[in-house]
Amino acid sequence: MNYFQQPQGIKGSDFSKFVEKYGKHSFLSLCDFSKLSFQAGDPILIYFDSSSVLSTLRQPVKMGASGLCADGNPAGFLDSKSTSCTRIFANLSKSCITDPVLDAASYYRDFTVLKVRVVFLPFAQHLICLTIHCLPLQLHTCNNVVSEVIYEIEFSGTHGIQSVSVQFKVSNISGNSGSSLQQHFTLRFWVSTRTLSHTLPRSGNPGYITGAPLLIADSGAMHILWSEGDGSCSQFLRHTVQFGRNTRTGCKLSNCNYIQQKLYKALQGMNKAEDLAITGSAHSTQAEEWTTILIRNCSVQAVNCTSCCMVPVTLEIQILWTKVGLMSNPQAQILGARYLYQCHTSAVPLTTVVTFADMTEWPEPPRGQPQVHWKLPFDIFFPFKVAMNLERSSYTGPVISMCLLFLD
């Protein structure tokens, strides 16, 4: 038999039984789902068309105890943060006209942002101050210099950066030698809510590829909790669930008074998953290529406690899958999925767990494996004895004659 056994259907009442039988908890660290996509923390790439130079978007930071600006720090993808630093001008009259860090145009003009590592995205600017260039020094005052830069980046988990906008705050500085300016730089990321077309990204053809995004209907890839740098739960950023890779993420809520709906939203993300693609090449218009995700929420656990406020603290996404088709070219497909919430009456850290259980039924081999059986004679010296006997019988006559000859 060269085919895998036909997988059995999954019912809601049987889900726990199959998870207990086939589930294995072995968690792997998160990694990139595509070498072409930006990973969290990767420098955001920009391209100068006039000079054909590929560079990185910069977010200056303070350096050392002096707090002076270091302009070489790259802006990291999905790294939302604010920085500030100080600039000192030896000659304000000259810097007001020639220094690009004071000019708003230098933060957006003449370059484009890469959507992914190989796709370019036009740069959209939304300026608070329409005056782009700093005005000449007037009475030892430099007008409309950039005091704050705010980049806002819209991104999709499967399509990369969607748009970039920049806002400025400007101020006036006075003096000449030794004048200083405090600048602030902010980078914000938010998840794109644009409606996806019917052409969904693929994670295999047709079977899922290990490490590819787990597809959900109408929203692209499934996402789970994202922890900010301080350990708090991000409202917008989410990790992408990768097929075949068990994952555990966690974060803490800064406000323990979140109501139940807020916690469900934090665990599920902005786009609630209801249907899951059975194969990696599922079409959004074909209902038979999608399976409904079963949900076991806190209401089931709160039946014996009418005065309790049961809040979800852990979401375990259980996926049952199997291999089908030819054994020489197996294809992975999903049989069923369930959202299993663990709930408590008090605020505790949130956790998301993703587990994959392989339910592949391998066929019986047509025969046993070949084994070596050494067959030796009872007397391994038998061939040598036969040869010696033949040799003796053929040389008996000459030997006797020679003996008689010597006796004479």
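This is a predicted model: local features need pLDDT of at least 70, side-chain atom pairs count only at pLDDT 80 or more; totals for chains, interfaces and linings use all residues.
Visitor: What makes S1 and S6 a strand pair?

Guide: The count of bridges does. Pairing takes at least two bridges found by DSSP, and S1 and S6 have 2 bridges, in the antiparallel sense. Strand S1 (residues 45–48) also pairs with strand S2 (residues 53–56), antiparallel again, over 4 bridges. In the hairpin of S1 and S2, 4 residues sit between the strands, and serine 52 takes a positive phi near 55°.

Visitor: Moving on to rings, why is the pair of tyrosine 108 and phenylalanine 168 called tilted?

Guide: Look at the distance, then the angle. Ring centres must lie within 6.5 Å to pair, and these are 6.3 Å apart. Planes under 30 degrees apart would be stacked and over 60 edge-to-face; the planes here are at 50°, so the pair is tilted. Tyrosine 108 is in the loop between helix H2 (92–98) and strand S6 (112–114), while phenylalanine 168 is in strand S9 (residues 160–174), 60 residues apart.

Visitor: How do you know whether tyrosine 108 is buried or exposed?

Guide: Buried means under 20% relative accessible area. Tyrosine 108 has 8%, so tyrosine 108 is buried. Phenylalanine 168, with 2%, is therefore buried as well.

Visitor: What makes the pair of tyrosine 208 and phenylalanine 243 stacked or tilted?

Guide: With 15° between the planes, the pair is stacked, as the cut-off for stacking is under 30 degrees. The centres are 4.8 Å apart. Tyrosine 208 and phenylalanine 243 lie 35 residues apart in the chain, and both are buried. The whole structure has 12 aromatic pairs, and ring pairs join Tyr107, Tyr108, Phe168 and Phe185 into a cluster.

Visitor: Now charges: how do you know that aspartate 71 and arginine 87 form a salt bridge?

Guide: The nitrogen has to be within 4 Å of a carboxyl oxygen, and the closest N and O atoms here are 2.6 Å apart. Aspartate 71 lies in the loop between strand S4 (68–70) and strand S5 (81–89), and arginine 87 in strand S5, so the pair ties together parts 16 residues apart in sequence. Arginine 87 counts as buried at 10% relative accessibility, whereas aspartate 71, at 36%, is partly exposed.

Visitor: What makes glutamate 148 and lysine 169 a salt bridge?

Guide: The closest N and O atoms are 3.5 Å apart, which passes the test of within 4 Å. Glutamate 148 is in strand S8 (residues 141–156) and lysine 169 in strand S9, so parts 21 residues apart are tied together. Glutamate 148 has a relative accessible area of 17% and is buried; lysine 169, at 44%, counts as partly exposed.

Visitor: One last thing: how many charged residues are in the lining of the largest cavity?

Guide: None; the lining has 4 nonpolar and 3 polar residues. The lining residues are Val19, Gly23, Gln318, Ile319, Leu320, Thr355 and Ala357. S19 gives the largest share, 3 residues.

Definitions and conventions. Residues are numbered from 1 along each chain as its sequence is written. Side-chain values use heavy atoms; hydrogens and water are left out. On a 1 Å grid over the protein atoms alone, a cavity is a set of points where a 1.4 Å probe fits but cannot get out, and a pocket is an open set with protein on both sides within 12 Å along at least five of seven lines; lining residues have an atom within 4 Å of a point. Ala, Val, Leu, Ile, Met, Phe, Trp, Tyr, Cys and Pro count as nonpolar, Asp, Glu, Lys and Arg as charged, and the others, Gly among them, as polar. Rings of Phe, Tyr and Trp (its six-membered ring) pair if their centres lie within 6.5 Å; planes under 30 degrees apart count as stacked, over 60 as edge-to-face and the rest as tilted. Buried means under 20% relative accessible area, exposed over 50%, partly exposed in between (1.4 Å probe, protein chains only). A salt bridge is a side-chain nitrogen of Lys or Arg within 4 Å of a carboxyl oxygen of Asp or Glu.
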